[in-house]
Amino acid sequence: MNAADWQIVGFTLRMALAGLALVLPPGLALAWCLAKHHWPGKTLVETLVTLPLVLPPVVTGLVLLDFFGRHGVGGWLHRGLGVDVVFTWRAVAAAVAAMSLPLLVRAARTAFEEVDVKYEQLARTLGAGEWRIFFTITLPLARRGVLAGVLLAFARALGEFGATITVAGNIPGRTTTLPVAIYEAVQADEDGHAWTLAAVAAVIAFVAVYLSEQLSRRHK
Amino acid sequence: MNHGPLTATFRKQFPGGPEIGVADLRLGGGITVLFGASGAGKTTILRCLAGLERPDAGVIHFGGQCWFEAGRNFSLPARKRKTGFVPQDYALFPHLTVARNIGYGLDQMSAPERERRVTEHLSWLGLAGLAGRRPGELSGGQQQRVALARAVVRRPELLLLDEPFAALDTPARLRLRGELRTLLRQTGIPTVLVTHDRHEALALGDEVVVLHGGRNVQQGAAAGVFSRPVNLAVAEITAVETIQRGQILEIRDGLATVAVGDARLIALAGELPADALTVYVCIRAEDVILMRAEKVQSSSRNCLAATVRSLAREGPLVRVQLDCGFPLTALLTQPACQELALHEGARMNALVKAPQVHMIPFEAKQPREPGLCNGRSGC
């Protein structure tokens, strides 16, 4: 492990956290809407959210590439704010966010569904509004399940490859993440280097998934 | 009848379930008991009042305020109704301490004011040492009081209690019954309490509303409803021990002579329709007096020669099944049974005063609206 490797590990962790920060508010809101309400088109939204989980990640990358490209939102961002997304760290964050969203939403949704509606109803009779109920009743009672989902999403974000390389490329020191670096090492016949990086990735993923399992077990 | 702040006429049907509703329900102050068998729709009615269920049709008004009006598609949200709701299992927030459970509804208040109110209610309900506990660490009775405190602390205009003793074992239930009545009286808040237990209804209620087949079928002072059921269904729900069909033989000077089995009974003709011929005769077990067969002189109009068929202990009481030309049930204390040396086959005189023989006009079909039958007993 040299300085560049550590930079890649640090960058990958930061991107996973950035991706989480990006999906957490809309992810929890969406999970809550799916768990606690019935509305038309619910199944459609559920399917769309789950899609990145089963589509080839490259396809998600492609969609993001188009979305953030010059002819999409990206062009508007470039003209209006001078911000570029594609092939920058922002694209990495967006890619991992899109890929971890399904895991977070599905876990949080289940956790919210398991909160007995009687507590929320009682809070209503005590004069509480929906925001207050969410933050003081639903979220605290679902915290284990939500946290398990967050950890799982985080682990997924660390391992993201296909979407990242499509929308952010592989620019050393700027967009190269751990999985991309491993792929590069393999391509360059640097098996030893590849295995070192793979071990680091495995350790981080192991810890995250282990904690997630612990939480969801105690949750049950 | 006290025509107080709540008036309600509404109905509600869950998919595949029976239609539940009330017609012209009027509740005054004090404690009103919604009484009925399980499945009679008591909880649904309570939840409609709390704003947790939306009726399919009807209106609910409370103290000049409209809570629900189907015609205008209006329903005041639960959080604006100023009710204090205590559900069957209390639904205490498991992740909050006792103090924070009680203070949950006081978020509009300043912190010191809230703390003062919570402390006040903790000591009022004898929970002072438990402020920092979680609901899971409390006994059933303590949980009940925390739930009551949480509902009352906001000074609601209407208290709604769903089977407040359902989560408790029998000893606790008996002990806390009197306590709850005192507490509810102290609050002075109009209360609607749901129960399926006749003793609870009698002990707690100022007024009783009997529900049957998803409808309110009788309302009145607690004692009156239980001793004078308006129809057979109410007599059955209120568990009148002896219900027998009889024939009116004559009515003279306000007294009716009824043939029941081989026996003749005298009862007050009361509000009985003049053309009534067949009636149901209802006699409460606690209104039956037993005497040794040789002593016959008494003021009681009905003195029936009876044979003891069976004896069954019920706590401090004994349930005595008699045959006096028709099956009659009496409820006696243990010492009374011993003094009379009661045993199976013993011959006694059963005394029932005329006012305690209640008659319900017989109708080939009990008045019941179609579509209300929920497949339970009595349908």
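Student: Which way does helix 1 of chain A cross helix 8 of chain A, left-handed or right-handed?
Tutor: In this predicted model, helix 1 of chain A goes past helix 8 of chain A in a right-handed crossing.

Student: Which residues make that contact?
Tutor: Helix 1 of chain A brings A:T12, A:A16, A:G19 and A:L20, and helix 8 of chain A brings A:V150, A:A153, A:F154, A:A157 and A:L158. By class, that contact has seven nonpolar and two polar residues, with no charged ones.

Student: And what's the angle between the two?
Tutor: About 135°, with the axes of helix 1 (residues 3–36) and helix 8 (residues 143–159) of chain A 9 Å apart. Oblique is the word for it, because angles over 145 would be needed for roughly antiparallel.

Student: OK, switching to chain B. What's the strand order in the open sheet?
Tutor: The order is 14-13-12-15-21, five strands with antiparallel pairing.

Student: Which strands stand at the edges?
Tutor: Strand 14 (263–268) and strand 21 (358–361) of chain B; each has a single partner strand, so one side of each has no neighbour in the sheet. On average, neighbouring strands here are turned by 45° against each other, direction ignored.

Student: How many bridges join strands 12 and 15 of chain B?
Tutor: Six, in the antiparallel sense, between residues 242–252 and residues 278–283. As an example, B:R245 has B:Y280 of strand 15 as its bridge partner.

Technical notes:
Residues are numbered from 1 along each chain as its sequence is written. Chains are lettered from A and ligands numbered from 1 in the order in which they are written. This is a predicted model: local features need pLDDT of at least 70, side-chain atom pairs count only at pLDDT 80 or more; totals for chains, interfaces and linings use all residues. Axes are lines fitted to C-alpha atoms, for helices over the stretch in contact, and angles run from 0 to 180 degrees between N-to-C directions. Helices (H or I, at least four residues) and strands (E, at least two) are DSSP runs, numbered from the N terminus. Angles under 35 degrees count as roughly parallel, over 145 as roughly antiparallel, 65 to 115 as roughly perpendicular and the rest as oblique. A crossing is left-handed if the near helix is turned anticlockwise from the far one by less than a right angle, and right-handed if clockwise. Two residues are in contact if their C-beta atoms, placed from the backbone, lie within 7 Å. Ala, Val, Leu, Ile, Met, Phe, Trp, Tyr, Cys and Pro count as nonpolar, Asp, Glu, Lys and Arg as charged, and the others, Gly among them, as polar. Two strands pair if DSSP finds at least two bridges between them.
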